[in-house]
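Welcome! Have a look at the sequence and the model first, and then we will go through some parts together.

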Amino acid sequence: MRIVATTPFDGQKPGTSGLRKKVKVFAQPHYLENFVQAVFDTLGPVPAGAVLVVGGDGRYHNRTAIQTILKMAAAHGFSRALVGQGGILSTPAASCIIRKYQAFGGLILSASHNPGGPEEDFGIKYNAGNGGPAPEALTDAVYARTRSLTEYRLVDAPDVDLDTLGETQVDGLTVQVIDPVADYADLMESLFDFAAIRSLIAGGFRLRFDAMHAVTGPYAREILEKRLGAPAGTVINGMPLEDFGGGHPDPNLVYAEELVAEMFGANAPDFGAASDGDGDRNMVLGRNFFVTPSDSLAVLAANATLCPAYARGIAGVARSMPTSGAADRVAARLGVPCFETPTGWKFFGNLLDAGKVTLCGEESFGTGSDHVREKDGLWAVLMWLNVLASRKDSVEAIVRHHWAEYGRNYYSRHDYEGVDSDAANGLMAHLRAAAPGLAGTVLRGYTVALCDDFAYTDPVDGSVSTAQGIRVLFTDGSRVVFRLSGTGTSGATLRLYVERYEADATRHDQPTQEALADLIALADDVAGIVARTGRDAPTVIT
Ligand code: VG1
Ligand code: CO
């Protein structure tokens, strides 16, 4: 074992989902090592036989980082490391494998939806033995440790062959290279009615899945094309590339352009879907029809009992605060609780572990259930396919029927990316200061019921998370929410979330931006977005 002297780096504070920085930052000597040692020091000595799961979304620097982590895991006393072949593990597959093999925890290498390549982003996060992202208390402790670290430890050993299945000894650590897909595909097959989906597809139902040259390609090919019999070519951009083909592996209407063009073009397939860099997000499209992630969560909750895994009903639903209230209405109808958490999957872990909820979702194209402790892109796709196979109706008809029954939550998110950090922080500080005085005022005809900075008390462990976003709630149930992204790596990203509920089914056909126009204008009145950021339009609208 070698002990290497080091000094702390600034800014190794995990954000919404792990530590994300430019590759150039991660590739500096000691940078990754410091962070990994801080994680290990925070965990403390591991028990005999402890297993660590390691894998990533295949982006540039993935393999280099894995070799370093394995040498450090050996020095820290782990007995076994389970590594996805080629260094590949989607985030939900990593969660699945941690749980299935009762691992101590896992290190996932990903910057998710952020671009990859030598000039772009890299990331790392620790997931605990429940398969879920480390809770805030742990990430805060890791950050504190990065501030005081003076050394890290690793063993001197040759690099491990990551491409051949089997076992290699790295000092006392047995490194086992595993099939990254099989366990996950088996889990999916245990949750859904694959026979029904297979006959739907055999009957001529056409689908397209865009893996965006990111991690889900091999998973989608195995599940959709091999196990469910969809024709070869159903999965497009299915080869994971270190730079995602130069694209932005974020499944939304702007970045998944190839899929969107096909789904809104002539002779479009019946169903289209895409996933992100690390496979935990999903976008679901029907023919000429976009399903908002918030609606998707609500529709899946309302139809959950059609799927074998949820046939006996769901215990409850959780959504992040900015996610629309569509799922709340379903929960109310079902008579189950609905929890509102801060942004980021780590806040769902306790609720899932305690059995308080079965389904969770975020407006940012994240949906998942208690089958793992991460959001899960392909899982959502399969749940939709199971519902479609059972209802024998189109995506659009199912969503419109849902609106007719529950009302429609018009919803949109506006992202202002790469904004000057001081300007963004100034905008948030201004809102925070203005918040207490806003209640009772009337803005463009909307009366403010409450304006606050969202805080959350975890109902399981009592931990409190503050400053999770400024929300302006109106008396008619509409709202606008402002928060800064915790996943970006350059400047700041301001997110504006806008929601309005419409009960009247004769008014469910407005274009979303039109239906929300007054609230969008009002958000600028309140926050001074244009004046403060110098942007006259958002970078991305979803
Ligand atoms: C974003 C999303 C959030 C999601 C997070 C991680 O965070 O808004 O809902 O959980 O990304 O997703 P932020 O702080 O940038 O708004 V992933 O797929 O990047 O791991
Ligand atoms: Co992701």
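## A pair to start with

Which kind of contact joins the side chains of Asp-353 and Arg-373? The two side chains meet in a salt bridge, with 2.6 Å from N to O. Asp-353 belongs to helix α12 (residues 349-353) and Arg-373 to the loop between β18 (366-369) and α13 (377-391), so the pair ties together parts that are 20 residues apart in sequence. Here a salt bridge is a side-chain nitrogen of Lys or Arg within 4 Å of a carboxyl oxygen of Asp or Glu. Helices (H or I, at least four residues) and strands (E, at least two) are DSSP runs, numbered from the N terminus.

Before going on, please note that this is a predicted model, where local features need pLDDT of at least 70, side-chain atom pairs count only at pLDDT 80 or more, and totals for chains, interfaces and linings use all residues. Residues are numbered from 1 along each chain as its sequence is written, chains are lettered from A and ligands numbered from 1 in the order in which they are written, and side-chain values use heavy atoms, with hydrogens and water left out.

Asp-353 is partly exposed at 41% relative accessibility, while Arg-373 is buried at 7%. Buried means under 20% relative accessible area, exposed means over 50%, and partly exposed is in between (1.4 Å probe, protein chains only).

Another salt bridge joins Arg-432 and Asp-453, again at 2.6 Å from N to O. This pair links distant parts of the chain, with Arg-432 in helix α15 and Asp-453 in strand β21, 21 residues apart. Salt bridges that share partners also join Arg-319, Asp-328, Glu-340, Asp-452, Arg-471, Arg-479 and Glu-499 into one network. Across the whole structure, a search finds 42 salt bridges.

## The cobalt site

Which residues hold the cobalt ion (ligand 2)? The ion is coordinated by Ser-112 (OG), Asp-276 (OD), Asp-278 (OD) and Asp-280 (OD), at 2.0 to 2.1 Å. Donors are N, O and S atoms within 2.8 Å of the metal (3.2 Å for Na, K and Ca), and water is not among the atoms, so sites may look incomplete.

Along the sequence, the donor residues follow the spacing S-x163-D-x1-D-x1-D. Asp-276 is buried, with a relative accessible area of 0%, and Asp-280 is buried too, at 2%.

## A covered helix and an exposed loop residue

Helix α10 (residues 293-303) is mostly covered, with ten of its eleven residues buried. Among the buried ones are Pro-293, Leu-297, Val-299 and Asn-303.

Asn-267 sits in the loop between α9 (257-263) and β12 (271-275). Its phi is positive, about 55 degrees, although Asn-267 is not a glycine. Is Asn-267 buried or exposed? Asn-267 is exposed, with a relative accessible area of 64%.

Arg-444 also has a positive phi, near 45 degrees, in a residue other than glycine. Arg-444 lies in the loop between β20 (442-443) and β21 (446-453), and Arg-444 is partly exposed, with a relative accessible area of 48%.
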